[in-house]
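Please work through the following exercises with the sequence and the structure at hand, trying each task before reading its solution.

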There are 2 protein chains.
Amino acid sequence: MSLPLLEQLIEAFRVLPGVGQKTAQRMAYHVLEREREGGQKLAEVLAKAIERIGHCEQCRDFSETEICAVCANGSRERQQLCAVESPADRLAIETATGFRGVYFVLQGRLSPLDGIGPRELGLDQLEARLKQGEVNELIIATSATVEGEATAHYLAQMARSYKVRPSRLAQGLPLGGELEYVDRGTLSHAFGTRTEVQE
Amino acid sequence: MSLPLLEQLIEAFRVLPGVGQKTAQRMAYHVLEREREGGQKLAEVLAKAIERIGHCEQCRDFSETEICAVCANGSRERQQLCAVESPADRLAIETATGFRGVYFVLQGRLSPLDGIGPRELGLDQLEARLKQGEVNELIIATSATVEGEATAHYLAQMARSYKVRPSRLAQGLPLGGELEYVDRGTLSHAFGTRTEVQE
């Protein structure tokens, strides 16, 4: 009743995040009906990307080359090192802020129950870098979740042991956020850490 | 600052329906971080599907073979022919109903402004089939939009000219639908075409 290859294609689309049976089916039909050329291109680029994209030796971000473009850029300030959980976080910071330092991509966060310890996050590599003495500030941009906080705590201790100043992104109300819709934890934290209004 | 290949991959994902910049980015990162094997498989199957999946000569549905499995199935009743707009619609009917007839997939609906006329929908092929005299009911399952209705009207006239009985899916309130949330057009139509309650 059904096409094996079409079914295989629908199944294959389900590896994508947030794609269930229904969406996968829509994708398969859409590509076959209207986007054969684009689909062909996607298949090629995807295979090539998986084959060629590895990790930067210095910052562990995705890179086609041994050293990524940011790390290879001589004009970035090596004294400021920003630790992020994922390449997407790195990109978000790079796009939103004017940060001119360099990054270290953990590719995860400490989660002993899932078997993710310091080794998995490349913290030995990070430690070696802090030891060199080039870095003077470690900006810890892990997420504000329990595991992210635990990771931040670990990193901050490591930084201090090498006389590197650790810092953490400010927490509080999001800009443009309505008080009414902010979650209780954030509101309580923002209330407790209120800052004096300057004249 | 950015990886050409990674950017290409993000761009390539955007051919998928409902996928914008942000989702494409999430897909690319997800595949590279956690689903390299699944991504590889997707690339292969996608390329193969685009290369091999064509249309069934009889019903115009997607098929790897000249005649699709439904059309080739000798136990389906050829007197009932169900015209649908797309392969997804065919699949929906096949899954939800116990229909044992055969299909004809229009791959679109009449839309003269977009250059989609009877030829593009393969109506000459459908006409030849009605002419043969094997079909006695044409179930018109086009969507309830303006273009779908126009297509249905056209098909019904064609069917009548070959003494084939045209039928159309019933319209009214969806099962389990709350009256309050049904759109005005549907409610008005359902009210006007109310049926007598049988004892």
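The exercises below concern a predicted model, and they go from ring pairs to charges over rings, domains and the chain interface.

**Exercise 1.** Classify the ring pair of A:Phe99 and A:Tyr103, and then that of B:Phe99 and B:Tyr103.

*Solution.* A search of the whole structure gives four aromatic pairs over all chains. In chain A, the ring centres of A:Phe99 and A:Tyr103 are 5.3 Å apart and the planes stand at 75°, so this pair is edge-to-face, given that rings pair within 6.5 Å and that planes over 60 degrees apart count as edge-to-face. In chain B, the centres of B:Phe99 and B:Tyr103 lie 5.3 Å apart with planes at 70°, so this pair too is edge-to-face.

**Exercise 2.** Find which ring A:Arg90 lies over, and which ring A:Arg194 lies over.

*Solution.* Begin with A:Arg90, which is placed over the face of A:Tyr103 at 5.4 Å from the ring centre. Then turn to A:Arg194, which is found over the face of A:Phe191, 5.3 Å from the centre of that ring.

**Exercise 3.** State how chain A is divided into domains.

*Solution.* Domain 1 of chain A covers 4–52, while domain 2 covers 62–168. The C-alpha centres of these two domains of chain A are 34 Å apart.

**Exercise 4.** Describe the interface of chain B and chain A by its residues, its buried area and its polar pairs.

*Solution.* First, the contact draws 51 residues from chain B and 51 residues from chain A. Next, the two chains bury about 5000 Å² between them, with 74% of it on carbon and sulfur atoms.

Key: Residues numbered from 1 in each chain as written. Chains lettered and ligands numbered in written order. Predicted model: local features only at pLDDT ≥ 70, side-chain atom pairs only at ≥ 80, totals over all residues. Heavy atoms only, no water. Phe/Tyr/Trp six-rings, centres within 6.5 Å; stacked < 30°, edge-to-face > 60°. Lys NZ or Arg CZ within 6 Å of the ring centre and 35° of its normal. Domains from an automatic or database assignment. Contact = heavy atoms within 4.5 Å. Buried area = accessible area lost by both parts, 1.4 Å probe. Polar contact = N/O pair within 3.5 Å; in protein donor to acceptor, adjacent residues only side chain to side chain.
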